[in-house]
Amino acid sequence: MSVLIVDEDAAVRSACCEIVSSKGWATYSAQDTASALALLRGNSMDVVLLGLKGTDIPGLELLKQVRDLHPETAIVVMTAYATVPSAVEAMRLGASDYLTKPFTMDELLAVLDRAAEKRALDIASRRLREKLRTQQGLSNIIGRSAEMDRIYRILSKVALTTHPVLIMGESGTGKELVARAIHNHGPNAGKPFVPVDCSSIVPTLIENELFGHVKGAFTGANRSRDGLLVSAAGGTVFLDEIGEMPLDLQAKLLRALQEKEVRPVGATHRVPIHVRILAATNRNLPEMVEQGRFRKDLFYRLNVVNLRLPPLRQRREDIPLLIAHFLERKNREYGKTFRVSDEMMRVLMEYDWPGNVRELEHLIDRSCAYCSGNLLQLGDAPTALIEFYANTRPRPLTTEAAPSDTSLLSPSVTPLVELEKQAILSALQALQGDKLAAARLLGIGKTTLYRKIKEYGLGNA
């Protein structure tokens with residue numbers, strides 16, 4: 001650690017230097033703003049102890065310039081009793097802590113320890129954020145868009161703590177991936193990560209899963225069993241789809257989190273728990289709280305940190321990165337080098353992705369399975385994407401029917417035969433002549449399609 005002490009009082013500077021040096025830290029001192037700036041322009045400091053006197057505008061100006069030069073530096077202001085408002089203003093401008101003169105050696109050491117801890121946390125947070133941003137696929141989280149950069153900033157901070165985190169977002173946005181990343185880069189990474197899907201477990205069994213039971217608690221309980229909150233043992237419990245949890249169990253979960261202990265089903269004793277809680281939902285929990293379908297006190301207990309994941313349609317620039325990531329896995333699996341055609345890529349970029357990243361992953365899996373070569377075409381994609389393309393592409397001009405077929409019809413009515421012919425022609429053109437894919441899109445058998453093509457003379461379509 002390197003510490004710069006800035007104060008016009010030589011006695012204060014000397015005493016602070018002696019105390020800081022006793023911790024084995026590098027110590028620098030300056031008696032005024034100009035000297036301090038000269039040191040800071042050539043060196044980055046971990047901590048700056050900044051003395052303020054009265055309404056010390058130069059001191060506050062130095063604080064601003066330190067923030068501009070070295071945003072990561074921890075700044076502690078030192079002020080006299082009569083100038084507490086100056087310390088408040090300094091905190092507003094970015095100081096991390098303050099000391100009121102005169103202070104004791106223990107008070108100074110405590111402030112320095114807090115500053116050092118914050119500095120170390122900031123460094124670790126910045127390194128993790130850079131890993132998430134630059135190493136594609138770390139924890140299987142992919143994306144470099146502005147939306148994902150915001151997620152990385154929050155994630156890199158909360159991962160280093162043990163606070164509860166509520167992860168919100170639509171289905172398929174990767175809530176469990178984010179929960180695993182928080183656990184894997186946190187202080188309890190070596191301990192278990194236990195996911196619990198609250199929507200897939202029968203409500204009457206969730207209490208037993210979370211809290212455990214004792215022998216004889218119910219028919220078939222031949223032995224005692226610890227619940228997941230106990231067996232996680234210092235790790236992380238991930239409560240997926242927490243919005244599906246019944247109200248009566250919400251109350252029991254809240255008590256367990258508050259008291260840090262659980263009572264197994266059928267037991268008269270309580271068992272202490274030591275876990276970090278991460279929860280996720282695709283529901284609007286604040287709205288459920290207002291409607292009385294989710295407990296307000298549990299919501300606030302879980303919502304210490306809120307992480308809202310963006311849907312894929314709001315970060316389209318990440319789609320090529322995600323496709324490349326999924327194709328890389330498929331290339332290893334099939335021993336091939338799959339590529340996406342330009343036309344298919346254009347459609348993938350325009351599609352709204354109601355199923356988000358999960359839908360994109362399944363689409364790549366299915367397209368690789370259907371692809372006969374190495375180039376993924378629209379014909380290899382699921383029906384939803386083909387229909388989207390067919391509904392959004394410019395329609396070709398229709399071919400006029402023979403006069404003999406329309407002589408008895410109103411000019412505004414198109415014969416069914418002509419509509420059928422045009423539908424087949426449009427499907428074949430949209431799919432570059434892929435007859436099997438066109439038959440799937442039209443909802444008819446391939447034999448019927450071949451017969452219609454011959455009947456309408458569309459063999460060259």
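Five strands form an open sheet with parallel pairing, in the order S7-S10-S13-S6-S14. Strands pair if DSSP finds at least two bridges between them; strands (E, at least two residues) and helices (H or I, at least four) are DSSP runs numbered from the N terminus. S7 and S14 are the edge strands, each pairing on one side only. From one strand to the next, the twist averages 20°.

This is a predicted model, in which local features need pLDDT of at least 70 and side-chain atom pairs count only at pLDDT 80 or more, while totals for chains, interfaces and linings use all residues. Residues are numbered from 1 along each chain as its sequence is written, and side-chain values use heavy atoms, with hydrogens and water left out.

| Strand pair | Bridges | Residues facing each other |
|---|---|---|
| S7 and S10 | five | Val-196 and Leu-239 |
| S6 and S14 | four | Leu-166 and Asn-306 |
| S1 and S3 | four | Ile-5 and Leu-49 |

Strand S14 (residues 305-308) has two faces: Val-305 and Leu-307 are on the covered one, Asn-306 and Arg-308 on the uncovered one. Helix H7 (residues 175-184) has buried residues, among them Val-178, Ala-179 and Ile-182. Buried means under 20% relative accessible area, exposed means over 50%, and partly exposed lies in between (1.4 Å probe, protein chains only). The buried residues of H7 pack against helix H6 (146-158) and against S6, S7, S10, S13 and S14; contact means heavy atoms within 4.5 Å.

A second sheet is described next. This open sheet of five strands has the order S2-S1-S3-S4-S5 and parallel pairing. Strand S2 (26-30) and strand S5 (97-101) stand at its edges with a single partner strand each, so one side of each is left without a neighbour in the sheet. The twist averages 20° from one strand to the next.

Two helices lie across strands of this sheet. Helix H1 (residues 10-22) lies across S1, S2, S3 and S4, running at about 170° to S2. Helix H2 (residues 33-42) lies across S1, S2 and S3, at about 140° to S2. Axes are lines fitted to C-alpha atoms, for helices over the stretch in contact, and angles run from 0 to 180 degrees between N-to-C directions.

The structure holds zero disulfides, a disulfide being a pair of cysteine sulfur atoms within 2.5 Å. The closest cysteine sulfur to that of Cys-16 is in Cys-17, 7.1 Å away and therefore too far for a bond. Cys-16 is buried, with a relative accessible area of 1%, and Cys-198 counts as buried at 2%.

Aromatic rings come next. Rings of Phe, Tyr and Trp (its six-membered ring) pair if their centres lie within 6.5 Å; planes under 30 degrees apart count as stacked, over 60 as edge-to-face and the rest as tilted. By this rule there are five aromatic pairs. One of them is the edge-to-face pair of Tyr-351 and Phe-388, with 5.3 Å centre to centre and 70° between the planes. This pair links distant parts of the chain, 37 residues apart: Tyr-351 is in the loop between helices H14 and H15, Phe-388 in helix H16. Both Tyr-351 and Phe-388 are buried. With Trp-353, they form one aromatic cluster.

Charged ends also sit over rings; this requires NZ of Lys or CZ of Arg within 6 Å of the ring centre and within 35 degrees of the ring normal. Lys-23 has its charged end over the ring of Trp-25, 5.0 Å from the centre. The charged end of Arg-366 is over the ring of Tyr-370, 4.0 Å from the centre.
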